[in-house]
Structure formats: C-alpha cells, structure tokens
Amino acid sequence: MASIGTLGREFVDSVDVVVDTLTDFKAMTHAPDFVLIKGKVASHDGWGGVFTKKSGSVTAGNDATVIRRTAGGDSYFRLYDGDLWAEWFGAKGDATTDDAAALNAAASAMASMASAGGVLRFRPG
C-alpha cells in the first residue's frame, strides 16, 4: 500500500486540515498551508498523503503529486521522499483495468523530476 513516506510523516503535526477525499479538498473555500487528504475517491483507498501549498505556482496539476485548485489558483505538492506509487496516478493493477493512461501520467511525472531519481512502485497483488 502507498504511504506518505518519511517526509510526509515529518509534516503530519503541521497539517492544518484533514479531509477524506480529493473531491472534498477541491471543494474547500479556504487554502490551508498543509492538508492531509485520506484518499482520492474514498478515505484510506491507498492514494492519500500530505500536501503543501505553493502560492502562485503555475505547475499543472496531475492529481497525484500536484493538485491544482481553481479557487485561489494555488498548487499543492505531495510531500514524499523517493518513490512514486502507481496508485497515486490511478493505476489499479487488477489485470482487468487498462492502466496505460495512469502509467503514462506516472512516467511524465517522473520525467519532470528526472534529476531527483526515484522508482515507480506497484502494490503487491
């Protein structure tokens, strides 16, 4: 299962707001500095993490490592260290779902941070 990683855990005490889903976060009218989002479509679905606001950032959102909010125009960046998780980008890995789009999104995210390195991880199963 994907985790918030060491870096994310270091910031949990700084979290201003905790929400259940990405949709709940995007519906918020205020812009906290740090937010813990428990899941993408359901709490504890393996997607969750800690995100920090970067005001004025024009980085495009991918709803995995970067969330772009229309309210206020702020971008939120996932706090993690090292590896990316395929689930963050929507991969199911269930041998039924076509994960091509999710894996392409993950590859694009990794290419944009090529100097940082990292590994794309998949959940067991």
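**Strands and their partners**

Visitor: In strand 2, which residue is the bridge partner of T21?

Guide: Strands here are DSSP runs of E with at least two residues, helices are runs of H or I with at least four, and both are numbered from the N terminus. Strand 1 is joined to strand 2 by four bridges, and the two run parallel. Within strand 2, the bridge partner of T21 is G39.

Visitor: On what kind of model does this rest, and what pLDDT do local features need?

Guide: Residues are numbered from 1 along each chain as its sequence is written, and side-chain values use heavy atoms, with hydrogens and water left out. This is a predicted model, in which totals for chains, interfaces and linings use all residues, side-chain atom pairs count only at pLDDT 80 or more, and local features need pLDDT of at least 70.

Visitor: In what order do the elements of the protein run from the N terminus on?

Guide: The protein contains three helices and seven strands. Read from the N terminus on, these elements follow the order α-β-α-β-β-β-β-β-α-β.

Visitor: Which residue in strand 3 is the bridge partner of I37?

Guide: Strand 2 (residues 34–39) and strand 3 (residues 49–54) run antiparallel and are joined by four bridges. I37 has as its bridge partner in strand 3 the residue G49.

Visitor: Is the β-α-β unit made by strand 1, helix 2 and strand 2 right-handed or left-handed?

Guide: A crossover is right-handed if, with the strands pointing away from the viewer, the path from the first strand over the helix to the second runs clockwise. The unit made by strand 1, helix 2 and strand 2 is right-handed.

**Buried parts**

Visitor: What share of the residues of the protein count as buried?

Guide: Buried means under 20% relative accessible area, exposed means over 50%, and partly exposed lies in between (1.4 Å probe, protein chains only). Strand 5 is covered on both faces, with S75 and F77 buried on one side and Y76 and R78 on the other. Of the 125 residues of the protein, the share that count as buried is 38%.

Visitor: Is S57 buried or exposed?

Guide: S57 is found in the loop between strand 3 and strand 4. Leaving aside neighbours within four places in sequence, S57 is in contact (heavy atoms within 4.5 Å) with R68, G73, S75 and F77. Because its relative accessibility is 14%, S57 counts as buried.

**Salt bridges**

Visitor: How far apart are the closest N and O atoms of K38 and D20?

Guide: A salt bridge is a side-chain nitrogen of Lys or Arg within 4 Å of a carboxyl oxygen of Asp or Glu, and the whole structure has four. K38 in strand 2 and D20 in strand 1 are 18 residues apart. Their salt bridge has its closest N and O atoms at 3.7 Å.

Visitor: With which residue does R121 form a salt bridge?

Guide: R121 lies in strand 7 (residues 120–121), and the pair links parts of the chain 38 residues apart. R121 counts as partly exposed because its relative accessibility is 37%. With the closest N and O atoms 2.6 Å apart, the partner of R121 is D83.

Conventions. Two strands pair if DSSP finds at least two bridges between them.
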